[in-house]
Amino acid sequence: MQNNKIKNISSELLSDNWYTLRKFSYEYQRPDGEWEQHEREAYDRGNGATILLYNTAQKTVILTKQFRLPTFINGNASGMLIETCAGLLDNDHPEEAIKRETEEETGYQISEVTPVFQAYMSPGSVTEILYFFTAEYSKAMQVSEGGGAKGETENIEVLELPFEKAYALFEKGAIKDGKTIMLLQHLKLKGIL
């Protein structure tokens with residue numbers, strides 16, 4: 001879909017150290033018809049996928065816990081964050097990427113995933129769209145201890161929690177990760193657990 005209220009877009013590379021940060025300049029047509037100049041920065045880290053594993057018989061979910069520097073420098077005293085398994089697509093189809101990430105991070109090898117929705121998580125500054133999935137797991141699917149891919153220094157702790165405990169952690173503010181809250185809410189609203 002073309003937006004005819006945007007014109008004369010130019011970009012300047014500010015950083016490509018970890019991912020890509022660009023400064024964009026463009027003209028935007030206001031509702032009154034006048035054109036105004038805008039400048040914005042956009043961080044491009046690629047698109048990602050996330051998944052919440054659940055077990056209906058045990059009424060449990062699999063989450064991860066790891067150090068997240070941005071939360072540490074913004075008020076999270078320990079820097080540790082409880083999250084759903086997630087990762088970048090790395091040029092893979094979202095379903096294949098999340099199956100890979102699930103095995104690397106949690107140690108569970110899943111063959112079927114259910115797409116839930118897609119969302120821009122921070123559209124004011126980050127280009128990433130995140131693909132959300134759920135999947136049922138069982139102990140028979142566990143092929144390793146998880147913890148993250150070798151060489152990626154993720155140091156991930158795998159948590160198997162009763163769903164009600166995980167939901168209570170979010171309600172008490174102990175789970176502050178947006179994607180995790182969204183998927184826990186999804187399971188609750190759908191009555192899956």
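Student: What makes up the accessible surface of the protein chain?

Tutor: In this predicted model, the accessible surface comes to about 11500 Å², and 49% of it belongs to carbon and sulfur atoms.

Student: Why is Lys150 called exposed?

Tutor: Exposed means over 50% relative accessible area. Lys150 has a relative accessible area of 85%, so it is called exposed. You will find Lys150 in the loop between β9 and β10. Glu104 is 46 residues away from Lys150 in sequence, with 8.5 Å between their C-alpha atoms.

Student: How much of the chain is buried?

Tutor: Of the 193 residues, 38% are buried, and the cut-off for that word is under 20% relative accessible area.

Student: What makes a set of residues a nonpolar core?

Tutor: The members must be buried residues of types such as Leu, Val, Ile and Phe, joined through side-chain atoms within 4.5 Å. The largest such core here has 20 residues, and Leu52, Val61, Leu63 and Ile175 are among those with the most contacts inside it. Elements giving two or more residues to this core include β4 (48-55), β5 (60-67) and α4 (178-190). The most comes from α3, with 5 residues. There is also a second, separate core of 16 residues, which includes Ile51 and Tyr108.

Student: Which residues is Ile175 in contact with, leaving aside its neighbours within four places in sequence?

Tutor: Contact here takes heavy atoms within 4.5 Å. Among the partners of Ile175 are Leu63, Ile82, Ala166 and Leu184.

Student: And how many helices and strands does the chain have?

Tutor: The secondary structure comes to 4 helices and 10 strands.

Definitions and conventions:
Residues are numbered from 1 along each chain as its sequence is written. This is a predicted model: local features need pLDDT of at least 70, side-chain atom pairs count only at pLDDT 80 or more; totals for chains, interfaces and linings use all residues. Side-chain values use heavy atoms; hydrogens and water are left out. Buried means under 20% relative accessible area, exposed over 50%, partly exposed in between (1.4 Å probe, protein chains only). Accessible areas come from the Shrake-Rupley method with a 1.4 Å probe; for residues, only the protein chains shown count as cover.
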